[in-house]
Amino acid sequence: MRIRAVTEDELPLLTELERAAGAPFAAIGMPEIAADEPPAPEELAHYLERGVALAAEAPDGTVVAYLLAEPVDDALHVEQLSVHPDHARRGIGRALLDHLARTTDAPALTLTTFAEVPWNAPYYARCGFRPLADAEVTPGLREIRRKEAEHGLDRWPRLCMRRDLRS
């Protein structure tokens, strides 16, 4: 597997990959998440300019996972990490997170996630993230959570998590 930057012409592929990665939510009683339309390529383009957009390639060159991140407050915020279900449980998501951790100057990575979905908060805890207490949630993360609530994501328990990268 090779990790590299996403190219502009691959943005439509990320949308399709996100649809596939969202499908398993239907099986755990979250069909609205599975049916949620991913961001359009035009919306993803700003990660190429003002953030981080990483792709994980299978040996045949197929993009099987991606990670999007951007600065939020004092950290690099992981906005999206998606692995195609056909390639899940092979360490690809962790490899993307570890690559990001090694290559950023930020003191930490943050994300928001579903608290009770096995491949969300429990998975991220295994990858070194910890849940943030309410007093630790920064203004930028509060704004992200506000937008998530407006989008209806608070129907299921959510939380903010952080992975400190420097001692």
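**Figure 1. Confidence of the predicted model along the protein chain.** The average pLDDT of this predicted protein chain is 94, and 99% of the residues score at least 70. Confidence is lowest in helix H2, residues 31-35, where the mean is 90. The highest value, 98, belongs to strand S6, which covers residues 130-131.

**Figure 2. Overall fold of the protein chain.** Seven helices and seven strands make up the secondary structure. Read from the N terminus, the elements follow the order β-α-α-α-α-β-β-β-α-β-α-β-α-β. The radius of gyration of the protein chain is 15 Å, close to the 15 Å given by the globule rule for 167 residues, so the chain is as compact as a globular protein of that length. The C-alpha trace spans about 45 × 40 × 30 Å along its principal axes. Among contacts with a separation of 6 or more, 68% join residues 24 or more positions apart.

**Figure 3. The largest nonpolar core.** This core has 26 residues, and those with the most contacts inside it are Leu-67, Leu-81, Leu-96, Leu-97, Leu-100, Tyr-124 and Phe-129. At least two core residues come from each of strands S2 (52-57), S3 (63-72), S4 (75-83), S5 (108-114) and S7 (158-164), and likewise from each of helices H5 (92-103) and H6 (121-126). Helix H5 provides the largest share, five residues. In soluble globular proteins, nonpolar side chains tend to be buried together.

**Figure 4. Surroundings of Leu-100.** Leu-100 is among the residues with the most contacts inside the largest nonpolar core. With its neighbours within four places in sequence set aside, Leu-100 is in contact with Val-52, Leu-54, Leu-67, Ala-69, Leu-76, Val-78 and Leu-109.

**Figure 5. Helix H5 and its buried residues.** Helix H5 consists of twelve residues and reaches 17 Å from its first C-alpha to its last, close to the 16 Å expected at 1.5 Å a residue. Its buried residues are Ile-92, Gly-93, Leu-96, Leu-97, Leu-100 and Ala-101. An α-helix has 3.6 residues a turn, so residues three or four places apart point the same way.

Figure 6. Of the 167 residues, 46% count as buried. The protein chain exposes about 8,700 Å², of which carbon and sulfur atoms supply 52%.

Conventions. Residues are numbered from 1 along each chain as its sequence is written. This is a predicted model: local features need pLDDT of at least 70, side-chain atom pairs count only at pLDDT 80 or more; totals for chains, interfaces and linings use all residues. Side-chain values use heavy atoms; hydrogens and water are left out. pLDDT is the predictor's confidence in each residue, from 0 to 100. Helices (H or I, at least four residues) and strands (E, at least two) are DSSP runs, numbered from the N terminus. A nonpolar core is a set of buried Ala, Val, Leu, Ile, Met, Phe, Trp, Tyr and Cys residues joined through side-chain atoms within 4.5 Å. Buried means under 20% relative accessible area, exposed over 50%, partly exposed in between (1.4 Å probe, protein chains only). Contact means heavy atoms within 4.5 Å. The expected span of a helix is 1.5 Å times one less than its number of residues. The radius of gyration is taken over C-alpha atoms; the globule rule is 2.2 Å times the number of residues to the power 0.38. Accessible areas come from the Shrake-Rupley method with a 1.4 Å probe; for residues, only the protein chains shown count as cover.
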